[in-house]
Amino acid sequence: MAETKTKARRNPKKPDPLVQFGISEELALNLMRDMLVYRRFEEKAEEAYAIGKIGGFCHLHIGQEGAAAGSIKPLRDDDYVMSAYREHTQALAKGVTPNAVMAELFGRATGSSGGKGGSMHIFDAKTRFMGGHGIVGGQVPLATGIGWKIKYRGEDSVVIVYMGDAAVNQGGFHEALNMAAIWQLPVIYVVENNAYGMGTAFSRVSTTDMVDKSRAHGIPGHSVNGQDVLETYAFFRDLAAEVRGGAGPQFVDLRTYRFRGHSMSDPVSGTYRSVEEVERAKEQLDPIAMLRDTLMDAGAIDQAALEEMDQDARQIAQDATDFADASPLPGPEALYANVWAEINKHGRLFFDGRGAEGGTP
Ligand SMILES: Cc1ncc(C[n+]2csc(CCOP(=O)(O)OP(=O)(O)O)c2C)c(N)n1
Ligand SMILES: [Mg+2]
């Protein structure tokens, strides 16, 4: 770090966000590297989807990378992350390898869910990335259960559960928050608030502000600019420490914006938002460009170093695609793997745990 002090700041009069948020240059450069990998990875997924290598649904996170990097990178390995279906980059941020995520998107046996989950169901118990959930809001009660387990066993991990803005009008969201509050569970409920649930603006489906949604349950609500990865990192670093120390559940309105359509099968802007709105966001709210400007202002990176970093990110995305493409599809036996069911003597599947001898033909 001594070396950085001798570098000239591009604009010495501007406040330095690295100082403001207590983030080292090295950490900020790592966040840049991470976000570039997420962006290039998703662009590769986009390409692969377009040529039919990826089937089913595919929801890209492009534009929202700051929210993932900033909130997950401060966590410990033994902390849990659970998410909805726009989760590829969150899985990468938690440590699932790009190869395993891409192979899952391709439906290959080497994927994080053995190729049976696909884009919406990335799962990796080793890194404590607990999915990948397609039912809007469905993950919120599940993550609350993990919070209960942590408390019951006297552990000191925390859980972050992400949801979209549409999830807060689901009944399960409120039931889960109520229980988390009663039991003071170590869960951070994070709304990745990109202002739209498919084609519906949040303002059309709520008369209260997002940040107030947890108030009735006595859970503190916070609002954070998810496009600013440094602000997000500093906020979650401090919040995770507080929750680990017993502060109880928290609710975060993590404001962000998606640069692509709802899913790969939807138009980028559609009829619910204008082309100008999307273009303005891409120009003014790109988390990667925002961090680039900060790093350049601080004299921490120059164009050549940035391009080299980007080249490395492109290579990681390309390698993941090549790996996925060369991987085998799951065999027919995979149909019976990881299924909680038994086949009885009549060859019928039973899901009630009665055992192979039980049941009727
Ligand atoms: C219970 C349920 N209802 C409806 C759907 C269909 N659906 C899929 S995504 C979506 C919108 C969700 O928007 P949001 O929560 O804001 O997340 P975002 O896509 O913006 O990340 C809906 C309604 C679903 N998957 N689950
Ligand atoms: Mg949304």
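Figure 1. With 23 C-beta neighbours inside 10 Å, V224 counts as buried, a word used here for a residue that has 20 or more other C-beta atoms, placed from the backbone, within 10 Å of its own. V224 belongs to strand β6 (residues 221-225), where strands (E, at least two residues) and helices (H or I, at least four) are DSSP runs numbered from the N terminus. Apart from neighbours within four places in sequence, V224 is in contact with E231, T232, F235, V252, L254 and R255, contact being defined as C-beta atoms, placed from the backbone, that lie within 7 Å. This is a predicted model, in which local features need pLDDT of at least 70 and side-chain atom pairs count only at pLDDT 80 or more, while totals for chains, interfaces and linings use all residues. Residues are numbered from 1 along each chain as its sequence is written, and chains are lettered from A and ligands numbered from 1 in the order in which they are written.

**Figure 2. Close-up of the open sheet.** Five strands follow the order β1-β2-β3-β7-β6 with parallel pairing, and two strands are said to pair if DSSP finds at least two bridges between them. The edge strands, each of which pairs on one side only, are β1 (80-82) and β6. Strand β1 runs parallel to β2 (residues 159-164) and is joined to it by 3 bridges, and M82 has V161 of β2 as its bridge partner. Across β1, β2 and β3 (187-193) lies helix α7 (residues 139-152), which runs at about 170° to β2; the angle, on a scale from 0 to 180 degrees, is taken between the N-to-C directions of lines fitted to C-alpha atoms, for helices over the stretch in contact.

**Figure 3. Close-up of the largest nonpolar core.** This core has 89 residues, and those with the most contacts inside it are M35, V159, I160, V161, I188, V190 and L291; such a core is a set of buried Ala, Val, Leu, Ile, Met, Phe, Trp, Tyr and Cys residues joined through C-beta atoms within 7 Å. Helix α3 (residues 25-50) supplies the largest share of this core, 10 residues. Leaving aside neighbours within four places in sequence, the contacts of V159 include Y80, M82, A143 and I146.

Figure 4. Because 8 of the 8 residues of helix α4 (residues 65-72) are buried, the helix is largely enclosed by the rest of the structure. Among these buried residues are E65, G66, S71 and I72.

Definitions and conventions
A residue is buried if 20 or more other C-beta atoms lie within 10 Å of its own, exposed if 12 or fewer, and partly exposed in between; C-beta atoms are placed from the backbone. Two residues are in contact if their C-beta atoms, placed from the backbone, lie within 7 Å.
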